[in-house]
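Me: I would like to go through this entry and ask what each label rests on. Please set the values against the cut-offs.

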Amino acid sequence: MFTSGRYDWRGRPESATVKRREGLKTLLKKAFEDSDSTYGYRRVHTQLHRWGVAAGLVLISWLMRELGLAPCPPKPRRFGLTQGALGP
């Protein structure tokens, strides 16, 4: 008697793709935490490239979104239109 494909699939070991993505997630978290949570996917991609890890921008973007890693944007610059009084 044959087993349903779904039940057969559950018992299989993880694929190479899943293992690679899990390894990338670990490196993504490290690069993101090293930057004090300020790097976006482009800078994280550059950091991984410096470490010798090959991965595409889209994959890095997807994995960061999946992990919930969002960079903290810089505060906007506020310029005053009036000049303060000089001296007493």
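Me: What makes the pair Glu22 and Lys25 a salt bridge?

Reply: The model is a predicted one. In it, the side chains of Glu22 and Lys25 meet at 3.5 Å, N to O. A salt bridge requires a Lys or Arg side-chain nitrogen within 4 Å of a carboxyl oxygen of Asp or Glu, so the pair at 3.5 Å qualifies.

Me: Where do Glu22 and Lys25 sit relative to each other in helix H2?

Reply: They are three residues apart in helix H2, which means a separation of about one helical turn.

Me: Why is Lys25 called buried, and what is Glu22 called?

Reply: Lys25 has a relative accessible area of 12%. Buried means under 20%, so Lys25 falls in that class. Glu22 has 41%.

Me: Which residues are linked with Lys25 in a network of salt bridges?

Reply: Glu22 and Glu66 are the residues linked with Lys25 in that network.

Me: How many salt bridges does a search of the whole structure find?

Reply: The search finds four. Among them is the bridge between Lys30 and Asp34, with an N to O distance of 3.1 Å. The limit is 4 Å, so this pair also qualifies. Lys30 and Asp34 both lie in helix H2, four residues apart, about one turn of the helix.

Me: How do you know that Lys30 and Asp34 are partly exposed?

Reply: The relative accessible area of Lys30 is 43%, and that of Asp34 is 49%. Exposed would need over 50% and buried under 20%, so both residues stay in the partly exposed class.

Me: Why is Leu24 called buried?

Reply: Leu24, which lies in helix H2, has a relative accessible area of 3%. The cut-off for buried is under 20%, so the label holds.

Me: Which residues does Leu24 touch, leaving aside those up to four places away in sequence?

Reply: Leu24 touches Val53, Ala55, Leu59 and Leu63. A contact means heavy atoms within 4.5 Å. The C-alpha atoms of Leu24 and Ile60 are separated by 8.4 Å, although these two residues are 36 apart along the chain.

Me: Which residues of helix H4 are buried, and what do they pack against?

Reply: In H4, residues 57-67, the buried ones are Leu59, Ile60, Ser61, Leu63 and Met64. They pack against H2 and H3. Just after H4 comes Gly68, with a positive phi of about 80 degrees.

Me: What is the phi of Asp36, and where is Asp36 found?

Reply: Phi of Asp36 is near 60 degrees, a positive value in a residue that is not glycine. Most residues other than glycine have a negative phi. Asp36 is found in the loop between helix H2 (16-34) and helix H3 (41-50). Its relative accessible area is 63%; exposed means over 50%, so Asp36 is exposed.

Me: What is the secondary structure of the protein chain?

Reply: It comes to four helices and zero strands, and the order from the N terminus is α-α-α-α.

How values were computed:
Residues numbered from 1 in each chain as written. Predicted model: local features only at pLDDT ≥ 70, side-chain atom pairs only at ≥ 80, totals over all residues. Heavy atoms only, no water. Helix = DSSP H or I, 4+ residues; strand = E, 2+ residues; numbered from the N terminus. Buried < 20%, exposed > 50% of the residue type's maximum accessible area, 1.4 Å probe, protein only.
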